[in-house]
Structures are given as structure tokens and as C-alpha cells.
Amino acid sequence: MRTRILPLSAAIGVSVLLTACASAPPENELVTEAREIYQSIENDPNVARTGATPLREAKNHLERAQEMLEEGEEDRLVEHEAYLARGYAQIAETRGERNKIQQEIESAKNRRDELRLEMRSAEARQAQSRAQRAMSEAERAQNEAKLAQQEAEELRKQMQELKELQAQQTDRGMVLTLGDVLFDLNQAELQGTGITAVEKLAEFMKEYEDRRVKVEGYTDSTGSEAYNQQLSERRAQAVKDVLMNNGVASDRVEVQGYGEAYPVASNDDPSGRQRNRRVEIVISDENGNIESR
């Protein structure tokens with residue numbers, strides 16, 4: 001009998017093939033599926049946070065199924081463990097997804113709360129700004145009212161002092177009249193009571209430097225017109241001299257002689273002529289304006 005001997009290389013190949021077949025782990029479709037699901041979620045932080053227990057159960061059943069498969073247990077027993085492993089893995093996966101969604105919802109809520117807080121902060125800043133503007137306006141109005149009150153009080157005081165000078169309110173403003181008795185007959189030198197009145201006027205003008213005066217001289221119709229014109233001018237100038245001697249600047253005093261013009265009474269009788277012989281001092285307004293004749 002002839003014995004056939006295999007070549008050495010063929011023998012080695014067959015040996016390797018047999019060794020490989022002997023060391024390859026057994027496979028089961030359901031076990032493979034359970035393993036893939038488990039491996040896809042085992043490092044998921046959401047699963048670790050809320051599905052740790054079913055994930056651990058899935059691992060235990062998967063290891064049990066793998067052991068039973070390697071030990072050659074019946075397929076129904078192996079697949080039962082694989083079925084449990086897959087079910088627990090799916091539960092863990094579902095809990096992980098739900099946790100992820102919940103995290104997203106919480107994040108959205110937090111962002112919404114942050115936006116609301118920012119809006120409230122912005123509204124608060126706007127309200128504070130409006131309040132500050134309102135306070136500023138109120139303070140400004142209060143200051144304006146206070147200033148107006150001070151101006152009114154100052155004007156009242158001025159008017160009171162003018163009345164004390166016996167100045168009369170006319171269409172041309174406040175007018176202080178010095179009568180004929182305050183001058184000697186046909187003279188332009190101011191006498192005692194007249195000097196006192198003009199000195200009071202000087203004190204008033206020094207206190208209120210925005211005021212000016214116009215001194216106007218008048219006579220009756222007795223005598224020549226030229227003489228009366230000259231007398232009226234000299235009497236007006238006499239009043240200006242008293243004002244200047246009492247500290248009133250020359251440019252604040254205007255003089256004008258009108259002679260016989262503008263009588264205030266008849267020149268046919270002594271009392272009327274006396275009234276026409278006068279010096280009128282027109283006091284300007286607070287802006288220095290004097291109404292012309």
C-alpha cells in the first residue's frame with residue numbers, strides 16, 4: 001500500500017486554518033446587536049447621568065450572554081440574556097435622550113430668564129434716567145420760579161421806593177415832579193425840600209444802576225419865550241448837578257428844557273401858572289428806556 005505524504009507548506013497551511021477556526025469566538029446575531037447598542041451609549045454623559053442602573057444591567061446581561069455563547073450553551077438561553085441586555089441598553093439610551101432634551105429645555109429657560117433680567121435691568125436704567133431728567137427739570141423749574149419771585153420782589157421794592165419819592169405813574173413811566181416852590185423866583189438854584197427829594201432819587205439810582213432819568217424843565221408863559229426856554233434849561237441842569245454831586249454818573253442823566261411848552265394848567269391865573277412852572281424827572285424802566293414826548 002502506497003502512503004501519500006503532503007508537502008510541508010500545505011501541511012502548515014492546514015494547521016493554521018484549523019487553529020484559526022478553533023480560536024475564533026462564537027457569534028450570535030442578537031448578542032452582536034446588543035453589544036453594538038451598549039457600546040454606542042456606554043460613554044454617553046447623559047446616559048451616565050440618568051440611565052446608569054439600566055446601563056449596568058445591560059452590561060451584566062451582555063457579559064452573561066457572551067459567556068454562555070463561549071461555553072456553548074443553547075441558543076435560546078444565550079439569546080434570552082442578549083434580549084435582556086438589548087432591552088436594558090435601550091432603556092438607558094431612552095433615558096439619556098430624555099435627559100439631553102431636558103438639559104436643552106433647562107438651558108433655554110435659563111437663557112429666557114437671562115433675557116428677561118436684561119430687559120428688566122434695561123427698563124430699570126431707562127426709568128432711572130427718566131426720573132433723573134424729571135428731577136432736573138423740576139429743579140430747573142423751581143430755580144426759575146425762585147428767580148422770578150426774586151425779580152418780582154425786587155421790582156416791588158423799586159416801585160415802593162419810587163412811590164416814597166412821590167413819583168407818579170404816567171403814560172411815559174414813573175415821573176417825579178418838582179414844583180415852582182422848590183426854586184427861588186426866576187432862579188435856577190434848587191432849594192431845601194427839592195434838594196432832599198433829588199438826593200433820595202440819587203440814592204435810588206445808585207442802588208439800581210440800570211435806571212436812567214430825563215430831567216425836563218417847564219415854565220409858564222410869563223416873560224419872553226427865549227427867557228423861559230433858558231430858565232427851563234437851567235433848572236433842569238440844576239437838578240442834574242445835584243444828582244452828579246451825589247454820585248450819579250453824567251451819562252445816566254439827560255436834560256431837556258421845554259420853556260412854555262406842554263403846560264399842565266391854564267396860564268390865565270396864578271395857580272395855573274404856578275403848576276406850569278415845574279421840573280419833571282422821568283425815570284426809565286429797568287432796561288434804561290424812557291418814552292419820548
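Here is a short exchange about a predicted model and how its parts are named.

Visitor: How do you know that the chain has domain 1 and domain 2?
Guide: The bounds come from an automatic or database domain assignment. That assignment gives residues 27-154 as domain 1 and residues 166-283 as domain 2. Their C-alpha centres lie 99 Å apart.

Visitor: Where does UniProt place "domain: OmpA-like"?
Guide: The unreviewed entry puts this feature at residues 170-287. Here the model has 37% helix and 21% strand. The end C-alpha atoms of residues 170-287 are 17 Å apart.

Visitor: What makes H2 and H4 a contact?
Guide: Contact means heavy atoms within 4.5 Å. On the H2 side, Val-31, Ala-34, Arg-35, Tyr-38 and Ile-41 take part. They meet Leu-55, Ala-58, Lys-59, Leu-62, Ala-65 and Gln-66 in H4. By class, this contact has 8 nonpolar, 1 polar and 2 charged residues.

Visitor: What is the angle between H2 and H4?
Guide: Helix H2 covers residues 29-41 and helix H4 covers residues 52-70. They pack at about 145°, with axes 10 Å apart. Their crossing is left-handed.

Visitor: Why are S1 and S4 said to stand at the edges?
Guide: The open sheet has 5 strands in the order S1-S2-S5-S3-S4, with mixed pairing. Strand S1 (168-170) and strand S4 (253-257) each have a single partner strand, so one side of each is left without a neighbour in the sheet. Neighbouring strands in this sheet are turned by 30° against each other on average, direction ignored.

Visitor: How do you know that S3 and S4 pair?
Guide: Pairing takes at least two bridges between two strands. Strand S3 (residues 213-218) is joined to S4 by 5 bridges, so the pair meets that definition. The two run parallel. Gly-217 stands opposite Gly-257 in S4.

How values were computed: Residues are numbered from 1 along each chain as its sequence is written. This is a predicted model: local features need pLDDT of at least 70, side-chain atom pairs count only at pLDDT 80 or more; totals for chains, interfaces and linings use all residues. Side-chain values use heavy atoms; hydrogens and water are left out. Axes are lines fitted to C-alpha atoms, for helices over the stretch in contact, and angles run from 0 to 180 degrees between N-to-C directions. Helices (H or I, at least four residues) and strands (E, at least two) are DSSP runs, numbered from the N terminus. A crossing is left-handed if the near helix is turned anticlockwise from the far one by less than a right angle, and right-handed if clockwise. Ala, Val, Leu, Ile, Met, Phe, Trp, Tyr, Cys and Pro count as nonpolar, Asp, Glu, Lys and Arg as charged, and the others, Gly among them, as polar. UniProt positions are given in the numbering used here, feature names are shortened, and annotations may be inferred rather than shown by experiment.
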